[in-house]
Structures are given as structure tokens and as C-alpha cells.
Amino acid sequence: MKILMICTEKLPVPPVLGGAIQTYISGTLPHLSKFHDITVLGISDPSLPDQETIDGIHYVRVPGKVFEIYRENVVRYVESNQFDLIHIFNRPRLVMPVRNAAPQSKITLSMHNDMFNPEKIDPEEATAALEQVSNIVTVSDYVGNVIRELYPQASPKIRTIYSGVDTERFLPGNHPKMQKIRKEIRQANGLENKTVILFAGRLSNNKGVDKLVRALPELSKKFKDLALVIVGSKWFSQNDVTDYVAYVRALAKKLPIPVVTTGFVVPDEIQNWFAAADLFVCTSQWQEPLARVHYEAMAAGLPIVTTARGGNPEVILSKENGLIVENPEDPSCFVETLSQILSDKSLMKRMGEKGRELAVSRYKWDRVASELLEVWKQAKEVEQAKTNEEHVVESENDRITEEQPKAVKQAKTNEEHVSESENDKITEEQSKAVKPAKMNEEYVTELENDQIMEKQQKEGTEEPTQDSSTEMDSIHEQIRDKTRRKPFIITSGVSRNRKITKREEKKLKREEKKLKREEKKLKGQKKIAKLEEKLASGEIDKKEYEKELAEIQTKFKLN
């Protein structure tokens, strides 16, 4: 099939700036492209051309770091190209615009977090989108269950496909390919002879690395050889110091153990830091869909400590490849859980080995691609079955249409026959009825003439012939009036124009208000995009940018 994969507007593909979705797409493409003609549509980036073809895979990149602008460019591209199937990543709000632009294409959807929540998509639009997609792929049962709770009707379409990892790139530190790299990193950062605890992810309240930092003073009292490595920044490729980043660094400086903060690490080098570590900790405080760092830690042979948040526990076999912190908001819970592993070196080793085994057996990219291929095949089969059903219905309609003239003709013939018989019967009955009526009328006339003649004789007067005739006409008219019947009239209903109900009127007003809000938001986002261009070109400095940005966000209510 000719397939289009639509990425999100946040980061480009390949993942030169990182990103879980971008990594997912790039990991599966070498396997998917063996079976289908694939085009990847994503956001543009200065480091990448707008269009290119690599290993038979077509890459198209369009502007629009703001969703509304990106959506316009996606629709424009889809309208000018034809695809058998369109796979949309994590943007259910793209489904209806894409469906309108490509009414004949099959649409499948990958969900990597809770983008179906009401604050992120209008329920009416969500319902319409779910009706249009053939299948919904989720990265965890947690993500799928959130959709099921909100929209139970979507349940049959939902399938969990866990993400994957490149097990040839993420390798344990004792692997021959990684031993030298591990040694160099540890020497360069004062980590020799240390048990290195690794955190990798964005530095934000949601990710919660501060809870780990706050747990280390107590842990360092029990275990004298600890060190901490924090890999990541506030956002992919951005090393700006936010209040939270400054807070974490301030906490780290007070620790009695070595702490390394790397900032953003390019995706091609991130595996080296996993190889240099001994234990991996995920500190997520929010309902994490399922952080892909779990797969990378397993592939690197690291035991894992993660939180009971969202889908994270789904890849943990307790006490086999890791442990789960039930109350991650409390630093003391990290102290307790980490102590179980740090106090038992043999357990740490077994967990690392089990993690590597699971990564190789369950979480390689070829397995992810195989399951995606099954989903696409199912979408094609469902569409084919639908087409066959429509063909059967059409054939049946043709047969009925063909038979109808014959039936109508026969019915008409029967009707004419019945009418003719009925008319004969009526004529016969009328003939019988008319004869007595005529005789009665003649008798009445004769009787009336006798009465008139008798009256004239008594009065001794002669009335002119025409007067007698006039009186007779009057009597006959009275008789006819009594025998007349009023015609039988069948009345039909009178059609009236349908009025709009109050409910429909309110709905129209809501839609109008929503449209105005969207237009205002889009206008503000376009201004932000222009402002970003000014900043990039050096026309304004960062201070001016932040000032104008705040004004735009306030004016257009974009906060």
C-alpha cells in the first residue's frame, strides 16, 4: 500500500532533537518500508531538507510549530497527494481535517498519551474522529484504558503495541563494544569505583527528579560509593535554565556525593550514558503513558526503579527486572526501594541481566513493526469487507429495481381488471336502480297532475299550461334535491416549514463561539510564529521576544 505517516508538530523526523514518537517512527521504518511505499510527513527543521528520500522512504517536512499552522500544511499536502492508508501519531484533532482531505483513504491512529482528554479535544470532535479511524494503537494499556473510559464505543478498535529499542545500540556496559566508552565517561566525570544512579528525561515537576535528589542524603549515609548522573534539560535540545532546573541544581550541589548534570544529550550519544551507569531510576510524578527510557535501560542491562504512575509498571516484572515505588511524591519511598537493590549486588546483577533478556526477546523494533503491519492489514481487510458489503447491497438494489417494473406492470394489469369488473357491477346495479326510480318518478308526476286538475275543477278556474308546467318543475326540483348527495372529499395534510429547535439554536451559538475562539487563538499563534522568526533572524533579542510573547499570550488568551 501507499502509506502516509503523519508525525506531531513538536519535533522533526529523524529524531535529531530527540522525542519518543520520533524515535518510534524511525525505529520501525526500516522494517515497514520492506512491505509498503511509505512517506513520512513532519515538521521542518533547519538541519533537515524540506524533502528527501532515504532508503526508499520519502520524507516531507512542512512549517508549523504551532498546531493550527501545522494542520493547515498537513491538509494542503494530503489534498494534493493520494494514499491508501494514513497513520496519524498522537493527534486525534488531525483526524477530521485529514478525513475531509482524503475521503477514500483508510485512517489509523497511534496514541502515545492522553490526548483524548476533554481539555485537549472537544468530545463531539473526539467522537467523530473515533468513528473515522479503522484502528487505534496505544503504547500502553493505561493509554488505551483512558480512551475506553471516556469513549466505550472505541474499545473494539484499541490495541496496545508496546514500544521498542535498538538493542544493537543500547548495550550493557560490560559488552565489548561499550567497555571502553564506559571507562572513559566514568574517568572523565569522577565516577570511577562508584555505583552510578542514572536519571534520563526532561527536567520538570512532572518528571520529578528532585524527589530522587532529595532521597540521596539519606541513601549516602547507608551506601558510601554512590554517584548521580542527571541527563536531560527542560525540553528537547533546549538547555535554558528554568526555575525548576535551578532548584534541582541547587539541591544537587548540597549532596555529599558526586553529581553530574549533562544537559541535553544528542540522541546518537545517549546510549553511552546508559552504559556508564549501574542503576536506572524513573521518578515520574504524573500519569506517564509509558516512558521509553524503560526500554533503553533494559537494553543497557540496568536494573530499574520506576513509579506506579500511568503505564510505567506495565514493563516491570517486580523483583525480576526492577522495583516499583508506590508513593513517588515521598522521597523516603525512593530511599526504601533503592536500598533493596543497593544492598544486594547479586540482585542488582540478576535484574540487569533479566532486563536485557526482555529487551531482546520482547522489545525490539522488528516486533513493533510486525504488529503495526498487522494493524494496517486489518484496516485494509475491514475496508475490503465494507466494500464487498456495499457491492452486495448495490446488487440487491439492482435486482429489486429490475423486478419492480414487472411487478408494477402486473399490479397495474390486475388493478385494471378489478376496476373493469367493478365498473361492470356498478353499471348493472345502476341500471336496476334507475328503472324503478324512473317508474316512481312517472307515478309521482301522474299523481301530481291528477291533484292539480282536481283542484282546478273545484276552483272553476283554468290556469295557463305554462303555469302548470312551472309548478311541476318546482316539485321535480324538490324531489331531486332530496335525492342529491354531497360529494365525498379526501383531504391531505398541509406541509409546513420546519422550525429550528431551541436546543439546535443553542448548539449553533456554541459552535459559533467556539469558531471565534479558534480564530482568535490561531491569530495569536501566527503572531508568535512571526515573533519566533524575528528572534531567529536577530531582528529582536531574547528579552524583547519574551516581552512581546507575554503580551500576545495575554491579548489572545494563549496561556
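A residue counts as buried when its relative accessible area is under 20%, and as exposed when that area is over 50%. The legends below apply these words to a predicted model.

**Figure 1. Overview of the predicted chain.** Of the 559 residues in the chain, 43% count as buried. The chain holds 16 helices and 14 strands. Among contacts between residues at least 6 apart in sequence, 67% join residues at least 24 apart.

Figure 2. Strand β5 comprises residues 85-89, and five of its five residues are buried. Leu85, His87 and Phe89 point one way from β5, whereas Ile86 and Ile88 point the other way. Strand β1 (residues 2-6) runs parallel to β5 and is joined to it by four bridges. Within this pairing, isoleucine 6 has isoleucine 88 of β5 as its bridge partner. Strand β6 also runs parallel to β5, and five bridges join these two strands. Here leucine 85 has lysine 106 of β6 as its bridge partner. The path from β5 through helix α3 (residues 95-101) to β6 forms a right-handed β-α-β unit.

**Figure 3. Backbone details in three loops.** Which peptide bond is cis, with omega near 0 degrees? It is the bond from valine 13 to proline 14. Proline 14 is located in the loop between β1 and α1 (20-32). Asparagine 90 is found in the loop between β5 and α3. The phi angle of asparagine 90 is near 60 degrees, a positive value in a residue other than glycine. Asparagine 193, in the loop between α6 (179-188) and β9 (195-200), likewise has a phi near 60 degrees.

Is asparagine 90 buried or exposed? Asparagine 90 counts as buried because its relative accessibility is 2%, and the cut-off for buried is under 20%. Asparagine 193 has a relative accessible area of 75% and is therefore exposed.

**Figure 4. The buried residues of helix α5.** Helix α5 spans residues 141-150. Its buried residues are Tyr142, Val143, Gly144, Val146 and Ile147. Residues three or four places apart in an α-helix point the same way, because such a helix has 3.6 residues a turn. The elements that cover the buried residues of α5 include β6 (106-111), β7 (135-138) and β8 (158-160).

**Figure 5. The surroundings of glutamine 271.** Glutamine 271 belongs to helix α9 (residues 270-276). With a relative accessibility of 9%, glutamine 271 counts as buried. Which residues does glutamine 271 contact when its neighbours within four places in sequence are left aside? Its contacts are then Arg169, Phe170 and Met178.

**Figure 6. Strand β13 between two parallel partners.** Strand β13 consists of residues 304-307. Ile304 and Thr306 point one way from β13 and Val305 and Thr307 point the other way, with all of them buried. Strand β12 (residues 279-281) pairs with β13 in the parallel sense over two bridges. In this pairing, phenylalanine 280 stands opposite isoleucine 304 of β13. Helix α10 (residues 293-299) makes a right-handed β-α-β unit together with β12 and β13. Strand β14 (residues 322-325) also pairs with β13 in the parallel sense, over four bridges. There, threonine 306 has isoleucine 324 of β14 as its bridge partner.

Figure 7. Rolling a probe the size of a water molecule over the atoms shows where empty space is left. A search of the whole structure finds one cavity of 30 Å³ or more. The space in the largest cavity is about 90 Å³. How many residues line the largest cavity? The lining is made up of 13 residues, and Leu203, Gly232, Ser233, Val245 and Arg249 are those nearest the centre of the cavity. Helix α8 (243-253) and strand β11 (259-263) each supply at least two residues of this lining. By residue type, the lining consists of four nonpolar, six polar and three charged residues.

Key: Residues numbered from 1 in each chain as written. Predicted model: local features only at pLDDT ≥ 70, side-chain atom pairs only at ≥ 80, totals over all residues. Heavy atoms only, no water. 1 Å grid on protein atoms, 1.4 Å probe; cavity = no way out; pocket = protein on both sides within 12 Å on 5 of 7 lines; lining within 4 Å. Points joined across faces, edges and corners; volume = space filled by probe spheres on them. Nonpolar A, V, L, I, M, F, W, Y, C, P; charged D, E, K, R; others polar. Buried < 20%, exposed > 50% of the residue type's maximum accessible area, 1.4 Å probe, protein only. Contact = heavy atoms within 4.5 Å. Pairing = 2+ DSSP bridges. Right-handed = clockwise from strand over helix to strand, strands pointing away.
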